[in-house]
Amino acid sequence: MRSNKIKMFILVFVLLSILSVVSHSQSISKNTISLKGTWQFQTDPKDIGIKQNWYQKKLNDVVDLPGSMMDNNKGDKPTVHTKWTGSIYDSSWYFRPDMEKYRQKGNLKFPFWLTPNKHYVGAAWYQREVEIPANWKGQKIELFLERPHWETTVWIDSIKVGMQNSLSAPHRYDLSKVLTPGHHIISIRIDNRIKEINVGPDSHSITDQTQGNWNGIVGEICFKSISPVSFDDIRLFANIEDKSVKAEIILNNILGKDVVAKITLNAKSFNSKEGHTVEPLIKEIKVTKEKSQIEIIYPMCEDVQLWDEYNPALYNMTVVLTDEFGNTDEREIQFGMRSFSINGTRFEVNDRPVFLRGTVENCVFPKTGYPSTDVASWERVFIICKNYGLNHMRFHSWCPPEAAFEAADKLGFYLHVEGPSWANHGVTLGDGLPIDQYIYDETNRIVDAYGNHPSFCMMAYGNEPAGKNQAEYLGKFVNYWKAKDNRRVYTSASIGRSWPLVPESQFIVRSEPRGLPWNKPPESMFDYSDRIEKYTVPYVVHEMGQHCVFPNFKEIKKYTGVYKAKNFELFKEELAKHYMGDQAEDFLTASGKLQVLCYKSEIEAALRTRRLAGIQLLSLNDYSGQGTALVGVLDAFWDEKGYISAPEFKQFFGVTVPLARIPKFVFKNDETFHAELEVFHFGSHPLKNISSQWKITDSKGTVIAQGSLKERDIPIDNCIPLGNVSLPLSKITKAEKLNLEVSVDRHINNWDFWVYPAELPTLNKGDIYFCNTLDEKAESILKNGGKVFLLAAGSVENGKDVVQYFNPVFWNTSWFKMRPPHTLGILCNPNHPAFADFPTEFHSNLQWWEILDRQQVMNLELFPPKFKPLVQPIDTWFLNRRLAVLFEAKVGKGKLMVCSTDLQNNLNERPAAKQLLYSLTKYMLSDKFNPKYKLDYATVTELFEKKDRPIFNFYTKQSTDDLKPNTK
């Protein structure tokens, strides 16, 4: 009796132990075995694992999946010798003596992109033991790897199953013939090297510039048990005219004989206020052995709900296959009833015009280094985008996981998806390389995996290719997809203006209609109509913006994952080395205000452009690579930086935007302010009987003029005239900033403009010596306690290598090898008495254009550490030079004002410059002119001495495509 009890106890203990082990090692449901958890692991840097049959040995380390090697702290610490995946056009960091301390072990800080904790490129092996249930016998068994990176080879025990290399879609292996019930070992070799297939080292699918060239598997990892007669693929084609869905169904039958079966289709809405359940449709079919295909037209009824950005109504289509032996396969597919089509030069969604207000997503995931695979993370991103007025996103040379499509479906967001290639910088298209076939294979995998999602509206091969035969290749690529799948529209590539056109493209993504014409006084009359008038298909602006802002060093603490912002740390330390560490926050905010001004001006010009189909910003959030491109009003985490909010941005980039064509922004008070008002409107419906209002206020908010415009209907379109505003400015008797505000159906937009007196009071300048050089008289006056105003435009030597425009750095000065401009606007103190008669903010605004644009700056590198100028240009963060265009100082017993911008010439046509000169002169004549800082005379004169000064050397010979010599 006791012996039996002991045996029973042991049996129960063993069973519980087995159950415990199974539950710990693999989660089993009826049809799925999860493979998430701990795996054996080993790196294979010498690539000997296949030759030595590592699939037959126990690996020497462990990792947790899903995840990357970096998540598991595996790989090598980066060093100066690390071979990165990505181009570096400015390699000066490797050679500059002042960067030596950042090249030391333990203090590695390079500026090109974020620094991973660990780095590894090569083969790595992942292995675990599995138990296959007895009831899976006779089933189709599939291994599902949602997002590996990027070449996988699979063994079951000692049997090699195959190899896959998709960067964009799940890797799915049919294991039916090798995965029998019982105990097995699965080995997966993952290789993230660029080998025969080269998509381009700067492609966002693989480059260290953004997500990183990681090694691992993320997302779902599992075995699936599938009926022997099953669905291989189901493609749903919505027809909104017929209110029906065509289901193209590919069937797989591994029974070895034909069988009779029935298919049931049943659609039901799940996210609409009013539910809609469609009558099921049952169809009897004969399923031949191997693979076969059928088509079923499924009526959706008269009250079908359509999907778009305003009403993203979704359906779940449940499709059930039951064969004569009782085998069942069931799939649930999320889809929407929508059409995305082209009418002339416009896109239409469900036969209604749409304007794409988009951004480029560059695969920036600063905590993980790989894209999120959960829906909530993507919903957060798309909600932020919608809050900023966007309805569209382009994925630059990569395709997101399923979760992104699901989130975009739910929120009504239009996606432009690309193959995983930027076929440039070492690879070409159309020249017979392996990339040619890979693009077809990969885009087919993308459409197979995500093609039913209504948010998937546009597709291209990828970004800016190279190759003398690229146009011919891409023309065939576009024709292939136009013939194969009409659920979206296709273009060849997203390109800059120098790339060849591909006439087969259904739409164009190209960079011609962008940029600010600020080589002349700013105005808002201009648009880009002349740049697109020759095109007869929809034109979307390629990578608009790229206006930079100074780094936000508060962001450093956010990098708590596998990447660290060592680039930001370097920039911060260098700023402090140049005695400006305490100004970082001011530089961020001041440069941010100029960045917003640039985005507003450029976006509004696009919204004023007839026949334009959309905009893709580069970008709403920062880009972490290519030298560090701080072009976003949001940081890399999609968080605000503090100088503009979503409602403010949406005023000029929303569904309905009031616009004003203003011939200039700087006036004299003997002129009349004039504006032509219009509206951009691409809402869900036309607006009826709308009355628009306008008002002009002064800097205190006092209304000085206002009015209403004629009531009218507003169709879905742009360039819709509303009326004019005219205001004589004679009542403005002193320098003043005014603001025009226009409201249309609760949508508001506004513009600052400036008014200066045409005639200024005469000042007695007798005790100020005005000069253009520090001559003997100036030196004598300063020695004897007098006042000197040095107007030094054109004579600066120390600083003349710094090229200042009014607009800020484009993309960044490292990637483009110090292509001008080099600065990010100005910082000043508007409350300083020097500006008492020159209204200004602490940052650049449009009245500063005629004072700052293409004017010299002074390099204050030899000035005392605490010295601060009155007007300080913000230098590129790669060099952080201490600059000035205006400063005051005590020199000897005297007082000196120095200005390196032109305040002398053509002042009748430059009222802001004239007013600034007046304000500075009046200040110098007052008892408030008492400079805080003291300088040696020699320190000042050094600014204007001709002598050898260091010339910046980039060391790298190669250049970005648009800086290469034009050999055409």
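Me: Helices (H or I, at least four residues) and strands (E, at least two) are DSSP runs, numbered from the N terminus. Which residue takes a positive phi just after α7?

Reply: Tyrosine 579 does, at about 65°. Keep in mind that this is a predicted model: local features need pLDDT of at least 70, side-chain atom pairs count only at pLDDT 80 or more, and totals for chains, interfaces and linings use all residues. Residues are numbered from 1 along each chain as its sequence is written, and side-chain values use heavy atoms, with hydrogens and water left out.

Me: What is the average pLDDT of the protein chain?

Reply: The chain averages 95, and 96% of the residues score at least 70. Over residues 5–25, though, the pLDDT is below 50. pLDDT is the predictor's confidence in each residue, from 0 to 100. Where it is low, the predicted coordinates should not be read in detail.

Me: Back to α7. Which of its residues are buried?

Reply: Asn567, Phe568, Glu569, Leu570, Phe571, Glu574 and Leu575. Buried means under 20% relative accessible area, exposed over 50%, partly exposed in between (1.4 Å probe, protein chains only).

Me: What do they pack against?

Reply: The buried residues of α7 pack against α8 (584–607). Contact here means heavy atoms within 4.5 Å.

Me: How many helices and strands are in the chain?

Reply: There are 13 helices and 51 strands. Of the 968 residues, 61% count as buried.

Me: New topic. What is the order of the eight strands in the open sheet?

Reply: They run β28-β27-β26-β25-β24-β32-β30-β29, with parallel pairing. β28 (489–491) and β29 (508–510) are at the edges with a single partner strand each, so one side of each has no neighbour in the sheet. Two strands pair if DSSP finds at least two bridges between them.

Me: Where does helix α2 lie?

Reply: Helix α2 (residues 375–387) lies across β24, β25 (392–395) and β26 (414–418), at about 125° to β25. Axes are lines fitted to C-alpha atoms, for helices over the stretch in contact; angles run from 0 to 180 degrees between N-to-C directions.

Me: And how many bridges join β24 and β32?

Reply: Four, in the parallel sense, between β24 (residues 356–361) and β32 (residues 614–618).

Me: Now β49 and β50. Parallel or antiparallel?

Reply: Antiparallel, over six bridges. Glutamate 888 has methionine 897 in β50 as its bridge partner. Their hairpin has two residues between the strands, and glycine 892 takes a positive phi near 60° there.

Me: What about β49 and β51, parallel or antiparallel?

Reply: Those two pair in the parallel sense, over two bridges. Valine 891 stands opposite leucine 935 in β51. As for cover, five of the six residues of β49 are buried.

Me: Last one: valine 562. Buried or exposed?

Reply: Valine 562 is buried, with a relative accessible area of 7%. Its place is in the loop between β30 (539–545) and β31 (563–564).

Me: What is valine 562 in contact with, leaving aside neighbours within four places in sequence?

Reply: Its contacts include Met70, Asp71, Thr115, Pro116, Asn117 and Lys367. Valine 562 and lysine 118 are 444 residues apart along the chain, yet their C-alpha atoms are separated by 7.7 Å.
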